[in-house]
Amino acid sequence: MKNKFNTTRRHTVTDANINYYATPFVHPKRRMAEHDFIYMLKGKWKIGQNDEVFELTEDTLLILYANNTHYGAGPCLPDSKTMYFHLSFEEECFKETDEICVVESLINASSNRNIKKYFYEIVNSKLCSNHKKADIFFDLLMCEISDAANQQATVQIGEQIKNIIHKNPESFLSNKELSQKTHVSVKTAETKFKNLFGVTIHQYILKFKVEQAIAYFKNFPEMSIKEIAYNLGFYDEYHFSKQFKKIMGTSPNKYKKEIVTKNKE
């Protein structure tokens, strides 16, 4: 489930605490008028929301959205420990000028220490009756969660595009085609791919095809440069040779002869 929070307005932390469960405990079934944030410090716990079930493990964060049915899908392990806070909910009327944070219900926070740090600061501030400070730390927490979500999306989309390229060595897929296959805009596909791999999609495709050509040289020395060029989706041998030399600094014919000579030695 995707959860939307309007970060333009200040939310209020209404309750917070740290809970320890010496023996297995099942999360109560309830429908809260507030958001329930749970951070798993130790142990395991299965909690459901409507028709979804989430498994909390150490350093995972679960957001149970307001006005949804929450329930225990199984008891937590003995010796489990969590921290939680409840957050006020107002009917969200999103404007174009609002800053919206969209996050998943279950978040793996193991690679981002600030998420755990700010969660603890919220709980600690609330327990010390510093209510304003708790609300400010919630804003910082949402910034960290949003950054983590964007980073994860970059990896997922970038890896998806890379896998599509690798599965279609015979094609020159356009950025538009790749964006459609990954269900994002062309700009998003281009930006996230470059952020992950450090090169443009087109540069990556050409480098990948050159690597494939070299594999052909090694494994199928009897195959002509022209045949290899067509197998890799190039218009003709000239187009292939031009791109190969640009990347490798030498012609494919010369490179192939060197490989064949080495293999005979």
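1. Let's start with one residue and its surroundings. Leaving aside neighbours within four places in sequence, His 86 touches Thr 12, Val 13, Thr 14, Asp 15, Arg 30, Met 32, Glu 34, His 35 and Asp 36; contact here means heavy atoms within 4.5 Å. Please keep in mind that this is a predicted model, in which local features need pLDDT of at least 70, side-chain atom pairs count only at pLDDT 80 or more, and totals for chains, interfaces and linings use all residues. Residues are numbered from 1 along each chain as its sequence is written, and side-chain values use heavy atoms, with hydrogens and water left out.

2. Where does His 86 sit? You will find His 86 in strand S9, residues 80-87. Strands (E, at least two residues) and helices (H or I, at least four) are DSSP runs, numbered from the N terminus.

3. Is His 86 buried or exposed? His 86 counts as buried because its relative accessibility is 10%; the cut-offs are under 20% relative accessible area for buried, over 50% for exposed and partly exposed in between, with a 1.4 Å probe and protein chains only.

4. Now look at the second largest pocket, with a volume of about 160 Å³. Its lining consists of Asn 19, Tyr 21, Phe 25, His 27, Pro 28, Arg 30, Asp 36, Ile 38, Trp 45, Thr 82, Tyr 84 and His 86. Strand S2 (13-21), strand S4 (35-42) and S9 each give two or more residues to this lining, and S9 has the largest share, 3 residues. A pocket is an open set of points on a 1 Å grid over the protein atoms alone, where a 1.4 Å probe fits, with protein on both sides within 12 Å along at least five of seven lines; lining residues have an atom within 4 Å of a point. Points are joined across faces, edges and corners, and a volume is the space filled by probe spheres set on them.

5. The largest pocket holds about 600 Å³ of space. Of its 22 lining residues, Glu 104, Ala 148, Ala 149, Asn 150 and Gln 152 lie nearest the centre. Helix H2 (131-167), strand S10 (100-104) and strand S11 (106-108) each supply at least two lining residues, with the largest share, 9 residues, coming from H2.

6. Finally, step back to the chain. There are 8 helices and 11 strands, and 39% of the 265 residues count as buried. The C-alpha atoms fill a box of roughly 75 × 45 × 30 Å along the principal axes.
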